[in-house]
Amino acid sequence: MNQPVISAQNLSLTFETNDGPVHALSDINLDINKGDFVSFIGPSGCGKTTFLRCIADLETPTGGNVTVNGMSAAEARMKRAYGYVFQAAGLYPWRTIGGNIRLPLEIMGYDKAEQAERVKNVLELVELDGFEKKFPWQLSGGMQQRASIARALAFDADILLMDEPFGALDEIVRDHLNEQLLKLWARTEKTIGFVTHSIPEAVFLSTKIVVMSPRPGQIYEVIESNLPRDRTLDIRDSVEFNDIAHRVREGLRAGHAYD
Amino acid sequence: MTKAGAIWHRTAPVLCILILLLAVWYAAAIALNAAWAKDKAARADKQLTFSELVSDTMAQEKPLLPAPHQVAQEIYKTTVLKKITSKRSLIWHGWITLSATLLGFAFGTALGIMLAIGIVYSRAMDMSVMPWVITSQTIPILAVAPMIIVVLNAVGVSGLLPKAFISMYLSFFPVVVGMVKGLRAPDHMQLDQMRTWNASSSTSFWKLRLPSSMPYLFASLKIGIAASLVGAIVGELPTGAVAGLGARLLAGSYYGQTIQIWSALICAAVLAASLVALIGFVEKVTLKRMGMLQ
Ligand SMILES: Nc1ncnc2c1ncn2[C@@H]1O[C@H](COP(=O)(O)OP(=O)(O)O)[C@@H](O)[C@H]1O
Ligand SMILES: [Mg+2]
């Protein structure tokens with residue numbers, strides 16, 4: 001049995017604020033295996049973002065620990081083990097789309113030819129070929145978010161962490177991007193951690209759905225999906241899909257109940 | 001709209017204001033200079049008609065307020081009709097002031113940017129330097145300038161440098177304030193993103209903070225260059241300097257040469273406006289190149 005790619009043991013994080021301690025995460029235990037697509041779902045404030053940030057070493061846990069590729073989160077970050085997609089695309093307005101995608105490659109010291117090659121490849125991957133020379137403001141919100149995904153894919157990280165990447169987009173665009181994301185996941189064989197608050201999105205995308213509950217932020221239930229990896233949007237009308245969606249909804253309701 | 005129409009659309013308001021200003025100026029010149037004209041006439045036991053009065057108020061040698069065309073004539077005489085190397089050429093005086101302005105501005109900008117970097121990257125500097133930067137600007141420059149000039153003269157520094165020093169003193173301030181804001185413009189997300197790429201802080205500086213600060217920098221530079229010019233002129237006043245627009249102002253006021261004062265003033269204003277416009281142009285080109293103007 002392979003070692004999990006991401007593993008959290010008794011992970012806790014308490015923010016000390018002026019209004020007293022906030023228990024953002026409490027006793028989280030979770031293993032994510034290679035090639036998994038794991039969604040985190042739960043009401044807002046249940047610690048989804050905080051958990052992702054702990055994995056990314058953007059937040060330091062106050063208890064327990066988390067390992068990434070068998071290393072500490074800090075070591076993994078320094079080895080550039082993951083690409084992180086934030087809720088906002090966060091493209092630099094003074095760089096073209098190509099220039100934005102090249103940014104992490106420049107920072108990581110890839111040579112010029114390699115940079116050009118990779119930019120071209122990932123732009124194709126997110127179906128933005130031809131937009132390399134355009135500036136961000138010339139692209140729609142959905143295209144900008146695709147560019148930001150391309151940027152996170154451009155370097156050799158086999159983990160992709162995404163925090164509500166499509167949260168600000170309308171449903172039609174979101175459906176399309178979800179389908180693209182699945183194709184991309186199949187082609188790149190990355191391990192993906194994905195935060196969402198949409199049940200259909202979580203069920204459609206994931207191999208594993210982590211239902212979280214707030215105050216303190218905890219994992220209420222982990223639902224393994226038995227849907228085939230190769231899916232299209234039509235699957236949302238299937239019985240299996242609706243069964244899983246139902247379980248997620250029940251989990252959310254129950255997790256919320258002991259407020 | 002046609003192109004000519006568009007230009008007209010933009011210039012018409014400016015022209016209107018200009019005409020209005022000239023009208024007010026002429027009216028004020030007549031009102032202010034009338035007393036002198038009447039005095040003169042009374043001494044000669046003459047009675048002035050209204051038109052005689054008006055034409056006298058516009059042709060006095062040392063009017064309280066010279067009429068616009070008198071100033072225009074003086075400027076024409078001292079720019080176009082004089083050799084640039086002549087000590088009576090306004091262009092020569094303007095250049096003296098401009099060179100101090102530009103040197104002081106360059107120093108001020110460099111100092112401002114360096115202080116801003118220090119303040120943004122070092123908490124200790126943020127706490128210790130910023131109050132002094134602000135204090136420095138609460139001291140009236142007119143009080144400090146003579147001391148700076150005299151002290152620097154005493155140690156053998158005279159001419160361009162003391163004036164440039166005062167320009168720097170005035171121009172570094174807007175640059176510090178603007179650049180601190182500009183270098184802090186990147187939000188948490190952008191800084192976190194740099195962290196996910198394990199970027200060094202110098203990388204974050206060159207690739208994120210500095211480009212983000214460009215719009216702030218240009219806004220500061222526009223204020224800074226105008227302040228620099230004021231500094232250079234102020235620097236020319238206290239020693240009774242013989243050259244520069246400040247010297248023209250001072251000499252003019254010694255001898256009651258109001259026309260000379262006003263032409264130096266207009267010259268300084270035109271210079272300031274051109275410098276600000278030049279930076280505005282560089283700003284536009286740079287930000288457009290950077291894709292930050294749409
Ligand atoms: N930097 C912080 N300082 C203090 N409290 C925080 C901070 N970040 C998050 N929190 C709190 O932690 C809890 C979990 O937040 P978050 O992980 O953002 O939730 P989610 O992403 O699930 O909406 C919330 O109560 C939030 O207010
Ligand atoms: Mg969140």
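Analyst: Two strands pair if DSSP finds at least two bridges between them. A strand is a DSSP run of E, at least two residues long, numbered from the N terminus. This is a predicted model: local features need pLDDT of at least 70, side-chain atom pairs count only at pLDDT 80 or more, and totals for chains, interfaces and linings use all residues. Residues are numbered from 1 along each chain as its sequence is written, chains are lettered from A and ligands numbered from 1 in the order written, and side-chain values use heavy atoms, without hydrogens or water.

User: What makes S1 and S4 of chain A a pair?

Analyst: Five bridges join S1 (residues 6–17) to S4 (residues 63–68) in chain A. The cut-off is at least two, so they pair. The two strands run antiparallel. At A:Ser7, the bridge partner in S4(A) is A:Thr67.

User: Which strands of the chain A sheet are called edge strands, and why?

Analyst: The open sheet has four strands in the order S2-S1-S4-S5, with antiparallel pairing. Its edges are S2 (20–32) and S5 (71–72), each pairing on one side only.

User: Are A:Cys54 and B:Cys16 buried or exposed?

Analyst: Buried means under 20% relative accessible area, exposed over 50%, partly exposed in between (1.4 Å probe, protein chains only). A:Cys54 has 1%, so A:Cys54 is buried. B:Cys16 has 52%, so B:Cys16 counts as exposed.
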